[in-house]
Amino acid sequence: MFLPIGGYSQERKSEWEIGAGGSVINMTRTMVSDFHQTKGGDYVFNLEDKHLYGGTEIYVAKNLSQRWYLDLQGTLGFARFFDGGEKKQGYSFMAGPGIQFRPLVKSQWIVPYVRAGMNAYHKTFKTKYFGTFDQDVTGEGQWRSEDAWNKGYTVDHDTFFPVSIGVGIIGWLGNRVGVRIQGQLLKPLIKDGPNFVEVTAGLQFRIGGNDKKKAAADAYVASHLSDYDDLYRSRFPKEIVEKEVVKEVPVEKEVIKYVKSEDRLLKLIDNLHFDFDKYSLTLESEAILDEIAEILNGEQDSKFLVSGYTDAKGSHTYNEKLSLDRAKTVRDGLVKRGVPEDRLIVKGFGKRIAITSVSSSDEERRMDRKVLIERIY
């Protein structure tokens, strides 16, 4: 439940992401050899074709805003190729910066993105996409290789600069560790150069940035503010009974008075306040804590989140501390009234859900200077 006593936005902190993993690159390596004519007059040859090779990848990214990230990615590949009929080991090196767009700013644990980048690529192995047969006595026979990404006339290059377009997704396993999967198409700027695809997967580590667990809690609180009335009705009985004894001479009789629990809650809400830039309760508010403690003590098996809030005036940093102090004040007051401290968790959320503007009067901004109590289980 929520008990208010007294828009969702979050200031983005500087954040770095560092990752490492493996990659699979789709680049065709073709070798045609041993072309000859059989006694029956048929022409035969050996075709050796490789499409995939693996490698290792490193990744670094820095947030520019909530949705935009700048990254640097690099891949070292290990490719087998054919030379003179022999298999040899070759290498490829690719690195370059990119820009990411992450559309789901409220998603804390699953983060999809699209990426565009510019890369430098160099390889030490040869591949062919067309040629003649070495032992063709006619000198007229030719061959050409095509794959899914290269249709028509393609020329091999050892060094070139491809642009990349891709998509990826990061799944955070906790506040600091996650898994990233990315696929991208690379297209050279040179004419007739080879197109290819790279798919990478690896672990992701996060340095700095906002607390994901706290951000998820903020979003939950902000999205449920309109549910107070329903939560009250589900938590408290529809009505409570108070007995009032009226003495008459010479007879005593008992009168039953029905008081709705909502009326009692409204009394608590309307009379518990904080002064501007203060975290101490007024004398009137101190008295109201007695009734709040009575309610919480009736829930012996529950724990509660006591969260503090401020109005819109002041910086985010200052209001974070002030709101936390207000939550601690209420927590301490409830503990003095018999509520066990281990059942109360305090958080400060600053001015994130302030409704009234900075230019509003002090009385209007008073409604934003509050503390909420939420039953978390």
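In which sense do E6 and strand E11 pair, and over how many bridges? They pair in the antiparallel sense, over nine bridges. Welcome to this structure, which is a predicted model. The points below visit its strands, a loop residue, a helix and some charged pairs.

**Strands E5, E6 and E11**
- Strand E11 covers residues 162-172, and within E11 the bridge partner of Ala116 is Ile165.
- E6 also pairs with E5, again in the antiparallel sense, here over four bridges.
- Val114 of E6 is the bridge partner of Phe101.
- In a regular strand, side chains alternate between the two faces of the sheet.
- On E6, the covered face holds Val111, Tyr113, Arg115 and Gly117, while Ile110, Pro112, Val114, Ala116 and Met118 make up the uncovered face.

**The loop residue Val105**
- Val105 sits in the loop that runs between strand E5 (86-101) and strand E6 (110-118).
- Its relative accessible area is 23%, so Val105 counts as partly exposed.
- Leaving aside residues up to four places away in sequence, Val105 touches Gln66 and Arg67.
- Ser65 is 40 residues from Val105 in sequence, yet their C-alpha atoms are 9.9 Å apart in space.

**Helix H4**
- H4 spans residues 283-297, which makes 15 residues.
- From first C-alpha to last, H4 reaches 22 Å, close to the 21 Å expected at 1.5 Å a residue.
- The buried residues of H4 include Ile288, Leu289, Ile292 and Leu296, and Glu291 is also among them.

- Side chains of opposite charge can pair when their charged atoms come close.
- The count for this model comes to 14 salt bridges.
- One of them joins the side chains of Asp325 and Lys321, at 3.0 Å from N to O.
- Asp325 and Lys321 are separated by about one helical turn, because they lie four residues apart in helix H5 (residues 316-336).
- Asp325 is buried, with a relative accessible area of 15%, whereas Lys321 is exposed at 55%.
- Arg331 meets Asp332 in a salt bridge of 2.7 Å, N to O, and Arg331 also forms one with Glu341, where the closest N and O atoms are 3.8 Å apart.
- Arg331 counts as buried at 14% relative accessibility, while Asp332 at 36% and Glu341 at 47% are partly exposed.

**A salt-bridge network**
- Lys123, Lys126, Asp156 and Asp158 are linked by salt bridges into a network.

Note on methods. Residues are numbered from 1 along each chain as its sequence is written. This is a predicted model: local features need pLDDT of at least 70, side-chain atom pairs count only at pLDDT 80 or more; totals for chains, interfaces and linings use all residues. Side-chain values use heavy atoms; hydrogens and water are left out. Helices (H or I, at least four residues) and strands (E, at least two) are DSSP runs, numbered from the N terminus. Buried means under 20% relative accessible area, exposed over 50%, partly exposed in between (1.4 Å probe, protein chains only). Contact means heavy atoms within 4.5 Å. Two strands pair if DSSP finds at least two bridges between them. The expected span of a helix is 1.5 Å times one less than its number of residues. A salt bridge is a side-chain nitrogen of Lys or Arg within 4 Å of a carboxyl oxygen of Asp or Glu.
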